[in-house]
Amino acid sequence: MAKLKPWYKVVTPREDLREGKPLDASEFAVHLDKVRLGSAPQDYRDPERFFDRTYLTKTLCNLGGEVVRRLSGETTETSAVFNMLTQFGGGKTHALALLYHLANGGSKSGMWRDVSKILAKGNIVSIPDNCATAVFVGTEFDSITGRGGVDGTPVRKSPWGEIAFQLGGADAFAVVAEHDKQFIEPKGDVIQAFLPKDRPCLILMDEIINYVSTYRGRGYHNKLYNFMQSLSETARGLKNVVLVVSIPASELSYTDKDEADQQRFKNMLDRLGKAVLMSAEAETSEIIRRRLFEWDPRAVGRNGKVLLTTDAIAVCSEYAEWTADHRQQIPQWFSTDHARETFESTYPFHPAVLSVFERKWQGMPRFQQTRGILRLLALWVSDAYQKGFKGAQKDPIIGLGSAPLDDPTFRAAVFEQLGEAKLEGALTTDICGKKESHAIRLDAEAVDTIKKARLHKKVATVIFFESNGGQTRNEASVPEIRLDVAEPELDIGNVETALESLTDACYYLTTERNQYRFSLKENLNKRFADRRAGVKDEDIETRIQEEIQKVFPATEGIERIFFPDKSGQIPDRPVISFVIISPDQSIQDTPGIEQAIETMTREYGKSARTYKSALMWIVAESAAPLREEARKLIAWKDIDDEGLNLDDAQTRQLDKNIKNARSALKESVWRTYKNVMLLGKDNKIHTIDLGLPTSSSAESMCKFILLTLRQTNDVEKDVSPRFLVRNWPPAFIEWSTRAMRDAFFASPQFPRLLNAEVVKDTIARGVSEGHLAYVGKSPDGGYFPFLYKKPIDTLDVEISEDMFIITSEEAEKHIKPPELARIIVTPLQTQLKPGTKQTFTVRGLDQFGRDIEAGTIEWTATGGEIAQDGVFKAAEDEGNFVVSAKAEKISGAADICITKESQSVPPPQPPPDKTKSLIWSGEVTPQKWMNFYTKVLTKFVKAGSLNLNVSIEATPKDGVADHQVEETKVALRELGLNDNVHTD
């Protein structure tokens, strides 16, 4: 990035500002009576100079165009009565002065700067000459003393007397002289009588409410109201009479009655005339540039705005690029798409300097929108100019954080706008004005990048302005602060660093939900800092564990195990178990945590774990955030427990801090425990990242995790009968209901069930829909009960080792009667010599492939003779013949070759060689028993004839207790085994 020029080397402030002698605030206040009398400052008194220094805003142009059009006698597209709406200091008196100069200047005013735009707006060639004007200002006119009398003019004590005299002298006043004397407002006929007949007339009335407030006790407010209503009605009936009124007062503390009267006057004027909102917010920057800086008259565009130099545009481009790069971190109301235009419109000021007054300060009762901003900025520019040349501050732009709050004159001007100076102590203690001010000290102690940028002071100053100086509940948000201190080389992370340091150090800075403001009361920062440093580690651990258990409350279908150290502390049960690991064993702090979890998943103490898939490990990302938030909460609680004598504000602050600290600790648990580890389908530990969960994500962390696991199909609320059929163990004909249920918690191929009892419903549905049969085993080897394709109540389903399910294919074998389906003739192929015999036999099979009596066999042969007992006798004819056996329409056949000479008949293909038996002996550790059964023994269970001899020798370290011996015998007997147990 090319080096940017400091603003003071690109633009030039007015001479008095360069010399460090800004004029008094009165310079920016227009007194309409003084303009009329010729005693106002030259910038307002001299019309040509007035227009040179006035930026013609859209509102001024429209208002001026309509007024001069009406004065020219045109009644279309204009009004005779205008009510100017704005708070004090909003430019209304400046607008009245503009209208006064136009009316007085007549046709020659067309030579002044930008007046041609007003003429074009009014669609007239020139302003009429010899216009009568009258000015009434509520802060100036005194109805007790009155005007005149000592200067040879008649005494005027009423507003209508003064207006009549200004319009037509003594002759016009004579029309209302008696009304003036008795203080009775004239009506339409009288008003029309004192108005000029042969020339245009402009009546300007400013700060009406001030006059109303002063004379309300005498009833004059009602008389003025009646007069203005009649005057408005009269003006509306004439072609070239215009009444322009400004109601609000500039130096008046409003009462309820003032508010009511202002609304009453406004309603009347709005009804009879046109309301004009004197808003120049979008053009305030151009007004300021005209008033505070010296510009080459040739460097003005066709729109009347000052044209920037190349250096100024380069600065604006760099700042705009920074905002575009950080669009996600600054306020949404700031359009980064038009950032360059925004910076160019306010240069040499940062847009935040002007926008903070428009967004926030203008709502304060004492704030003077245009006049107040001009006064503050004049002092600001003067100070920045001096510091730029003398203090070597090379800021490319005048930022909000550079406000010279350390200057007593500037502070006084700020407090004048705020309405009081109670924040003087807070400002000098926390921001600047003293060597030991917190922001100044923090900058001196900071790293070079922050120190060079004066970032703590800038951030604190920004908070002061954005929070309205603490006089209202407005706060400075973090995005606002980032934007307000923005500059091309700013590291945005340093803003948060500065905010954290200020929050910890300042005595008057308060924060809530990342909203900052300065208040009048000291906060509890110092006491909190002392308490936080003294919190004990054991108290932190206790508080963290308590909060974790709150975040993971008891949840239906879930078993919780908190902070286990050994696998034996985690039950081996067929139920989903959330194992919440201690935060000390976090992913960041414990590199081998995944391996440790895998080991505990597969082990249950010294045995192998059966229900490995039931375990869900909830693991913290890092313990550090939890410890810090717990430390803060304990510190605030300690302060609360001290029973300090706090005022109401401090009590609220303490309560809020405790509440926020509790919430922060809770949210920290949610954010920290973002990792779920579980056994995947590949039988390896997998990690599910929950993202950035918050307490608003779900009712509890348990329910949020369950929701996530259901979305990944790791947990299901129920399971279909078809799923069981698809995943049927190949070694099982019958599958015990208990083994089936356990599979959902033992095998990672199966989803975990939120409630193990739902398998009963699955079985019941499977039976009724014909996918499964629910059976028990009878002593004769059959099935009883045998339930298949019939309704069954879930309550009647038993989960045990003695009840089974079988597939529909197997069930069909036990419900359909056997039928002869196939006949096999033996031998299938044979060779005989003529005249020899061969006996054939048959074997019948049913539809399920089981042996069945074939019944009466009908034998036939294509050659030779066969008896009904199956004995075949070969004839003398040689050849190939077929022997057939038939029973119940089922046939079987064998081939016979009759030949005199022996021929080689290929024997039937022998089955593959098989070993007759498999024998193994060895030692199986207890941890591998389950795997030994599933991976080795189940392969031979279906084939039958599996003999298993087991030898057990248990030698516990502490010996075998008598009750353990008895329990072992009972268990052996329950399994149908002998209970011959030997002990030494």
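**View 1. Isoleucine 952 is exposed, with a relative accessible area of 73%.** Exposed means over 50% relative accessible area, buried under 20%, partly exposed in between (1.4 Å probe, protein chains only). The model is predicted: local features need pLDDT of at least 70, side-chain atom pairs count only at pLDDT 80 or more, and totals for chains, interfaces and linings use all residues. Residues are numbered from 1 along each chain as its sequence is written, and side-chain values use heavy atoms, without hydrogens and water. Isoleucine 952 sits in the loop between helix 35 (929–941) and helix 36 (962–974). Helices are DSSP runs of H or I, at least four residues; strands are E runs, at least two; numbering starts at the N terminus. With Leu948 and Val950, Ile952 makes a nonpolar surface patch of about 330 Å². Patch residues have over 30% relative accessible area and no salt bridge; nonpolar side chains are joined within 5 Å, like charges within 9 Å. A salt bridge puts a side-chain nitrogen of Lys or Arg within 4 Å of a carboxyl oxygen of Asp or Glu. Areas are Shrake-Rupley values with a 1.4 Å probe.

**View 2. A negative surface patch gathers Asp537, Glu538, Asp539, Asp638, Asp640, Asp641 and Asp655.** Helix 26 (537–551) and helix 28 (624–641) each give two or more residues to the negative patch. Aspartate 641 belongs to helix 28. Its relative accessibility is 56%, so aspartate 641 counts as exposed. Charges are placed at CG of Asp and CD of Glu.

**View 3. Glutamate 559 lies in strand 11 (residues 559–562).** Glutamate 559 is buried because its relative accessible area is 18%. Its contacts (heavy atoms within 4.5 Å) are Pro571, Arg573, Val575, Ile576, Ser577 and Phe578, leaving out residues up to four places away in sequence.

Conventions
Lys and Arg count as positive and Asp and Glu as negative; His and the chain ends are not counted.
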